[in-house]
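Let's walk through this model together, starting from one side chain and widening the view from there. Keep the structure open as you read.

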Amino acid sequence: MINQLAIKRILCYDEKKSELRSLYITKLLLVEDDRSIVTNLTEFLRTEGFSVKSASGQQEALSLAESESFDLALLDISLADGNGFAVCSALKAFSQLPVIFLTASGDEYSTVTGFDLGADDYIAKPFRPRELVSRIRNVLRLTGKTGAVIQIGDVNVDTIRGTASRSGKDLCLTALEYRLLLMLLNHRGAVLTRAQLLESIWDIAGDFVNDNTLTVYIKRLREKIEPDPQNPTIIRTVRGFGYKVDV
């Protein structure tokens, strides 16, 4: 019997291929000191195609923002170290990074202060995860942060056009190969299990994908993106666990 999650995810191949062409790996900075919220929200946002890094306090958040590039920051106001208002003010002082406040402080003063400091949106806890995703995408659209070219080795992935090239030559990836590559790139440095990869491509391949055919798809992807597919340097096998793309 097909469960409810599976029913929701059944889409025809052509529709999914079209959707994949517009996928964008957006990097979010989540500043929140409640570990349960960080864990649950990070997991959910990653399933929605976002890359997430978290910081529990003001100094850690600013250090990350200065050392890495992000597309949007999600800030809680009350932090164990500092506060979200100070983080927002500091971020806006040296960047145009969009900011959305996530906070239990829903009073008028907090809302107005956040906007006065340059916040792009404000959502009160508890919030519905899908509403948050909608607001994130809306802010990204309004601020023009909706696309990027990702480079790894001599491979370039254009997430606006939904294409991948190597040394300037189009790799002509299928929708399934493109999904696999984006899934791996979205979790650079992390090991993805075979089960996770199978889940990510189930709605394209349906009943035609299993553990054995995943091996075939990985092999085909390597043949297109690796200089030497027999000795892969981009998609690495972690024996007994799965695969990963190094940062």
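The side chain of Glu 177 reaches the backbone nitrogen of Thr 174 at 2.9 Å, a polar contact (a pair of N or O atoms within 3.5 Å; within protein, one must be able to donate a hydrogen and the other to accept it, and residues adjacent in sequence count only if both atoms are side-chain atoms). This is a predicted model, in which local features need pLDDT of at least 70 and side-chain atom pairs count only at pLDDT 80 or more, while totals for chains, interfaces and linings use all residues. Residues are numbered from 1 along each chain as its sequence is written, and side-chain values use heavy atoms, with hydrogens and water left out.

Glu 177 sits in helix α8 (residues 175–185); helices (H or I, at least four residues) and strands (E, at least two) are DSSP runs, numbered from the N terminus. With a relative accessible area of 5%, Glu 177 is buried, where buried means under 20% relative accessible area, exposed over 50%, and partly exposed in between (1.4 Å probe, protein chains only). Beyond its neighbours within four places in sequence, Glu 177 is in contact (heavy atoms within 4.5 Å) with Cys 172, Arg 220, Leu 221 and Lys 224. Cys 172 is itself exposed, at 54% relative accessible area, whereas Cys 88 counts as buried because its relative accessibility is 0%. Counting pairs of cysteine sulfur atoms within 2.5 Å as disulfides, the total is zero.

Now turn to helix α3 (residues 35–47). Its 13 residues should span 18 Å at 1.5 Å a residue, and the end C-alpha atoms are 18 Å apart, which agrees; the expected span is 1.5 Å times one less than the number of residues. In α3, Val 38, Leu 41, Thr 42, Phe 44 and Leu 45 are buried. An α-helix has 3.6 residues a turn, so residues three or four places apart point the same way. The cover over the buried residues of α3 includes β1 (26–31), β2 (50–55), β3 (72–75), β4 (99–103) and α7 (129–143). Just after α3, Gly 49 takes a positive phi of about 95 degrees.

Elsewhere, three strands form an open antiparallel sheet in the order β10-β12-β11. β10 (192–193) and β11 (235–238) each have a single partner strand, so one side of each is left without a neighbour in the sheet. Strands pair if DSSP finds at least two bridges between them; four bridges join β11 to β12 (residues 242–245).

Stepping back, the protein has ten helices and twelve strands, and buried residues make up 44% of its 247 residues.
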